[in-house]
Amino acid sequence: MSGAEPKVTLDLAQAHGLTAEEYDRIIRILDREPTFTELGLFSALWSEHCAYKHSKVFLRQLPTRAPHVLQGPGENAGIVDLGDGLALVLKMESHNHPSFIEPFQGAATGVGGILRDIFTMGARPIATLDSLRFGDPEDPKTRYLLGGVVAGISWYGNCFGVPNVGGEVAFAPEYGGNPLVNVMCVGLVRHDRIFRARAEGPGNPVFYVGAKTGRDGIHGATMASAVFEEGAEERRPTVQVGDPFTEKLLLEACLGALETGAVVGIQDMGAAGLACCSSEMPARAGTGMEVELSRVPRREAGMTPYEIMLSESQERMLLVVARGREAEVRQVFAKWDLDAVEIGRVTADGMLRVRIEGRLVAEVPVRALTEDAPVYEKPTARPGWLDALVAFDPLSLPAPRDYERALLEILAAPTVASKHWVYRQYDQQVGINTLVLPGSDAGVLRIKGTRKAIALTTDGNGRYVLLDPCQGAALAVAEAARNLTCSGARPLAVTDCLNFGSPERPEILWQFGEAIRGISQACQALEIPVVSGNVSFYNETEGRAILPTPIIGMAGLLEEAEWRTTQWFKNAGDRIALIGPEAVSLGGSEYLATFGRCLGGRLAPLDLRLERDVQSACRAAIEAGLVASAHDSAEGGLAVALAEAAISGPEELGVEVALLSGSRLDLVLFGEGPSRILVSVPPAAERHFESLMREWRVPWRFIGTVGGDRFALRVGGEVVINVPVERTAHAWRTGFERYLV
Amino acid sequence: MKFGVVIFPGTWSDCDFHYVIGEVLHQPVRYVWHRDTDLSEYDCVILPGGFSYGDYLRAGAVAGRSPVVGALGDFVARGGLVLGSCNGFQILCEATLLPGALMRNECLQYRCQSTHVVVENAELPFTRGLRPGQVLKMPISHGEGKYYADLETLRHLKARNRIVFRYCTEVGEVTKEANPNGSVENIAGVVNEEGTVLGLMPHPERAAEAAVGGTDGLLLFHSLIGSLVEDGSFLKR
């Protein structure tokens, strides 16, 4: 069992990202030294990206079960029941490291990967969302990354033919060397058409389908499992190259093949390519697999077994087919002009055997590569600098003298301003299901053939999580649920992307553990299970980590598509109500970042029971037809939420609002806090609305009226802001774009 | 009226046209595979939007040379109607069934947005239910929608009233601001000499139901369906 492969040594193993202990462990498992190909398999499958070594012990805490969950974490995507025999498949993935190295292809292949995770379950993808983080917008490198990432997502998603219905873009210097590109995808599937990634049935043939294998992306998984140092750009060959046209063919061919009934199991080749599929699929089924690599379609000559197994060439899937029915599957792929080649068999002995021209180059128990991968409980430690950061009092900074200018500046801050420049590059309507386009609190899509609709959002705030990882993460869950609620939906399930620095640093791992605790608390209180997700560690450069950024992707259900609600005011004369508590803080706020240019302070408290009640009350009002719009108050606080509600729709409407005074004007206007929703109520519905709010016993107040052409805010009776509404619109519309010309 | 919706590898608006024609308009509709050449059962063939062949070489270049497009010549000669939207328009130009070419958007980016177009020619089977000067609201979604034809061709198109739609404001003014992609003279759609092959960049199938953004696209289909005469020919005004 040798051939012309390099001899494996400890040094070589360490160059592959394995520790000395891990190498020892491999030797004990195999009872010999691994071959070079086997070393490659272990280094990829045992990388952080594939094995979740540092995160598993924490992830177990997440609530993943509920009556409507058909598939929780453990497969390629999560699945929840929508009723009517239909189910929603959802997953979110990160492609952070590749996007820094090669933004266009990095982001594009991120889209490609998440699409495959959805259709490998048998579901047709119906929507994507993208959550992006970049560094200082003044830095030309940021503009380069942003432009490349958006172009890459646009190219791949549009060519493939899936609409983008939402997402977010935010900026903070901490993301400068490590942008975040998180893409969420959902698909629809009938209950009886769900497929899983299991290699069942010893003797069944294993088929490789899709694009040919090349040398791109080898060790992509390992690259995502290490921090960047100088010379990161030299890693360019590790970035995969996408072909959305082939992916579209692959989608149609796979769904067609699944329809024949001849397919037993299917998985997409993503991180660690064929190595991952050929070990995970049998591991899940308790079987084994053997593959003959000379049968793998290749587009480069002279590829070694190591390269073939680890290649991350895109747009490929591995299928297990029912023995005797191979011709049916071949026929479907031939129609779409894609390779469909039998490369191996399912076996019964739990081993993965890899051969090339009959010569055995790897022989490993599949469990060793997957379930028995190391699980670490590494040290955690609360950072020493955190107390001082939280003790900072934002009110120690002077208040602005000109609140009108302050509002305009915050509206023009690139994190807050309109992201129209981004999503007008994305197709938003293919499939003709999109009822609410990007630009509102959540995207909403109808489900043809039913009265239902689904709502989708992504949310996360790295600043909050830095200041208080547990509460900050819980706030992200609350905010996502609130955004869905404002759109008229009942939250159903979470898919998350947990973006952090190096888990080998105790402070980072502490942040991670605390964030998981916060997500769990919020998901439990709001009764929303986590059905899938992704962990991205090692987002740091030269010792500087990103803000700890758990991104929460959430899907919700509207039993009646008619209930869908958008965030902008509709009619002059409508009364504006604020539902929720008064408690806000400037700690970690957009206001503090924009004017104070600093990050510190305490977060406003989160009362999950109140959050739940506020959302229930809002949904009840929506379902009863009592509100014309609903919008949650988030970055920038109430003044920004009011402005967004006034200007983000097709018309710009003025407002006249009176707020109660607080300890300081800037706190009242720009303070951020959870559980706050702005609704507009037509005069005819006022009385009914009032009694509904009383019934739900939530704090609430009318604060003003829609109308006129001025944006007018009083606090404690004093006029604080009174500007033509078009000036606020101008600031908000141009704030982001001005960085990109 | 019997519709055929063509599918090339990479097409994605096929399902949308099929849905609108079948479920909203309740007309007989079938998919046509790109290798089929027998179009005899159809009154109207649709070339839908998408990225046929991934836009390799040029958008529509490969599809423009496929068997089904090869069969369109005869189909049209025998009186059939063809509607090409977005990638369909690109394919018709590549196959020289329509003059001109669709180039990269002036802004060099993909654009997905709502647009208004003004009806210039209301005498076609596609438009006889409309008035000249009527404004329709339909979305576009493309990276290569900038229509170009040389001066001679433009002169000819105008003389023969073959410019069917132009991008315009909400109230029908043909202005630079209303032009989303830099098309020459704001041209959004043109027709062949006989008035039976229409190419347009907007997506009428995306404006066929109020819930998803308006019903102006439906007006084109109503005109089409209303144009069909018993003997299988089509009325023009």
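A crossing of two helices is called left-handed if the near helix is turned anticlockwise from the far one by less than a right angle, and right-handed if clockwise.

First, the conventions. This is a predicted model, in which local features need pLDDT of at least 70 and side-chain atom pairs count only at pLDDT 80 or more, while totals for chains, interfaces and linings use all residues. Residues are numbered from 1 along each chain as its sequence is written, and chains are lettered from A and ligands numbered from 1 in the order in which they are written.

Chain A, then, and a helix pair. Helices and strands here are DSSP runs numbered from the N terminus (helices H or I, at least four residues; strands E, at least two). Helix H7 (residues 103-119) of chain A packs with helix H8 (residues 140-160) of chain A at an angle of about 40°, the axes lying 7 Å apart. Axes are lines fitted to C-alpha atoms, for helices over the stretch in contact, and angles run from 0 to 180 degrees between N-to-C directions. H7(A) and H8(A) cross in the right-handed sense. Among the residues making the contact are Gly106(A), Val111(A) and Leu115(A) of H7(A), and Gly148(A), Gly152(A) and Trp155(A) of H8(A). Contact means C-beta atoms, placed from the backbone, within 7 Å. By class, there are 13 nonpolar, six polar and no charged residues between H7(A) and H8(A). Nonpolar covers Ala, Val, Leu, Ile, Met, Phe, Trp, Tyr, Cys and Pro; charged covers Asp, Glu, Lys and Arg; the others, Gly among them, are polar.

Next, a sheet in chain A. Its seven strands form an open sheet in the order S23-S25-S22-S26-S24-S27-S28, with mixed pairing; two strands pair if DSSP finds at least two bridges between them. S23 and strand S28 (718-724) are the edge strands, each pairing on one side only. From one strand to the next the twist averages 20°. Helix H22 (residues 608-623) of chain A packs on the sheet, touching S22, S23 and S25, and its direction makes about 20° with that of S25(A).

A residue is buried if 20 or more other C-beta atoms lie within 10 Å of its own, exposed if 12 or fewer, and partly exposed in between, with C-beta atoms placed from the backbone. S25(A) pairs antiparallel with strand S22 (residues 575-579) over five bridges, and Leu578(A) stands opposite Leu678(A). Strand S23 (residues 629-632) is joined to S25(A), also antiparallel, by four bridges. Here Asp632(A) faces Ile677(A), and Ser629(A) faces Ser680(A).

Now chain B. Six helices and eleven strands make up its secondary structure, and 55% of its 237 residues are buried. Helix H4 (residues 87-94) of chain B has eight of its eight residues buried. They pack against strands S3 (44-47), S4 (81-85), S5 (101-103) and S11 (197-200) and helix H2 (67-70) of chain B. After H4(B) comes Thr96(B), with a positive phi near 55°.

Last, the interface. 21 residues of chain B are in contact with 22 residues of chain A. S6(B) gives the largest share of chain B's side, three residues. That side divides into ten nonpolar, seven polar and four charged residues.

Key. Two residues are in contact if their C-beta atoms, placed from the backbone, lie within 7 Å.
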